[in-house]
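Hi,

Here is the structure I promised to pass on to you. Have a look at it first, and then read on for what turned up.

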Amino acid sequence: MTYQLHFESLSGYLDVLARGAALTIVLTAIATVAGLAIGVIGAAARRSALAPVRALAAVYVELIRNTPFLVQLFFIYFGLPSIGVKLTADEAALLAMTVNLGAYATEIVRAGIASIAKGQIEAGLSLGLSRRQVFLHVVLKPALAKIYPSLTSQFIIVMLGSSVISQISAEDLTYAANYIQSRNFRSFEVYFAVTAIYLVLAIAFRALFRGIGNRVFARR
Amino acid sequence: MPQSLTRASLLATVAAALAATGLVARADGLDDITKSGVLRVAVPQDFPPFGSAGPDMTPQGYDIDMAGVIAKGLGVKLQLVPVVSANRMPYLQTNKVDIIISTLGKTPERAAVIDFSAAYAPYYSAVFGPPSIVVRGPADLAGRTIGVTRGTLEDIEVTKIAPATLTISRFEDNATLITAFLSGQVPLIATGTPVAAAINAKNPPVKPAKKFLLKDSPCFIGLAKNQPKLLAKINAIIAVAKKDGELNAMSHKWLGYPLPPDLPV
């Protein structure tokens, strides 16, 4: 065995790795918040009394969940300029991640809402709460508490899946790895380091989400 | 004692795993190639006229023909392994191919990790853009956006000469770079003449024209380091092909001009 590991060959590229990791974190954070908001609105829309609203939400969910993320990304970045919508690589990546997460979050939140017993809603209404109050306090919060673990898994999946945005030249963590590898040809060391960074990021995000969950959904 | 035993067995496992993935030293490749009777060549698949899929989906191009010349010279069967410019070096380093014939230019960084044969084809790279954008030299790139294929010579050259305000968008392969240019995401591109020719062949509304020359960089065959027999044999085959006009004919066929007489040996 003659392969010598040269991790010191990465030392000149630490700023590239840091910038890449930062973009991955920022995009994931924004996409998580925005995607969750879309998820809640989408889930409410799928239970709407208005048939066109229900249909629109259903089309959105099916369209996104049944097409590859990479194709959605290419469509936004390379396709939309043809009709005059030109986004930078970062904007396109954020939009694709948010829209993608929104569709999955819609289904996850909907499952949570469906699990709330009808009697609980009727109890809320009979206590004189408005429909809006019932949705926010009686339905939504316990629903989110129930599906919170699967929701956080989806957030992590989006973070890991964001590695493909380097394909449209967005400078995320995977881009940093590919860039360094194309400069020093130390593919083993580079991808080893970046795999470790992704792992740490995923574990850190999971711990963060668990902390948030413990605070928000604390049993009183 | 039990602790050191565990460590020893762990090391053995890691060593075995590494050996299995091919991260091990090789003897002179010429012997291996002759023994197996097969030459594995990394060739481009997205880079006409050097390598692309023909109408019947079989690979064709200057590099494909060159791979045939080398295999014939060695008297072995040819196995083409399609690569993109970003992964051709790792393919060679991990012994997935014996040699690279994939418009590979010679750089000191690359020469530190692999060896090069004599040059077998002409090639130059430049900055291209539509006539409406005036760019006469690196200084005119300030404040603009330019597209490159990551890991290519053009990427490295542009990174070197770039003014601080130039945005460099790096794409995974030439096909994506062409798409980025055609969709208007990057107004300028730094690339080899074949890519510019390929874009012009699609007859787009905005045609790329040469702005300034980045580098004259002929193509070399890349092979793993320390294989003197294989290197000497390949150089001998190239020398014969240059002398008997075979390379000149290939240059006419694929590039449309004769082989320059001053290709470095």
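**What was found**

Chain B contains 10 helices and 13 strands; helices (H or I, at least four residues) and strands (E, at least two) are DSSP runs, numbered from the N terminus. Please keep in mind that this is a predicted model, in which local features need pLDDT of at least 70 and side-chain atom pairs count only at pLDDT 80 or more, while totals for chains, interfaces and linings use all residues. Residues are numbered from 1 along each chain as its sequence is written, and chains are lettered from A and ligands numbered from 1 in the order in which they are written.

Of the 265 residues in chain B, 42% are buried (20 or more other C-beta atoms within 10 Å of the residue's own, with C-beta atoms placed from the backbone).

**The sheet in chain B**

Five strands make an open sheet with mixed pairing, in the order β5-β1-β6-β13-β7 (chain B); two strands pair if DSSP finds at least two bridges between them. β5 (77-83) and β7 (114-121) of chain B each have a single partner strand, so they stand at the edges with one side lacking a neighbour in the sheet. From one strand to the next, the twist averages 25°.

β7(B) pairs with β13 (residues 219-224) of chain B in the antiparallel sense, over 5 bridges. Within β13(B), F220(B) is the residue opposite A119(B). Helix α9 (residues 228-243) of chain B packs on the sheet and touches β7 and β13 of chain B, its direction making about 5° with that of β7(B). Axes here are lines fitted to C-alpha atoms, for helices over the stretch in contact, and angles run from 0 to 180 degrees between N-to-C directions. Contact means that the C-beta atoms of two residues, placed from the backbone, lie within 7 Å.

**Where the chains meet**

Chain A brings 16 residues to the contact and chain B brings 21. On the chain A side, α3 (69-79) and α7 (173-184) each supply at least two residues, and α7(A) gives the most, with 3 residues.

**The cores**

The largest nonpolar core has 47 residues; such a core is a set of buried Ala, Val, Leu, Ile, Met, Phe, Trp, Tyr and Cys residues joined through C-beta atoms within 7 Å. Its largest share, 14 residues, comes from α4(A). A second, separate core of 46 residues includes Y62(B), I101(B), A121(B) and L230(B).

Best wishes

Note on methods. Buried ≥ 20, exposed ≤ 12 C-beta atoms within 10 Å, placed from the backbone.
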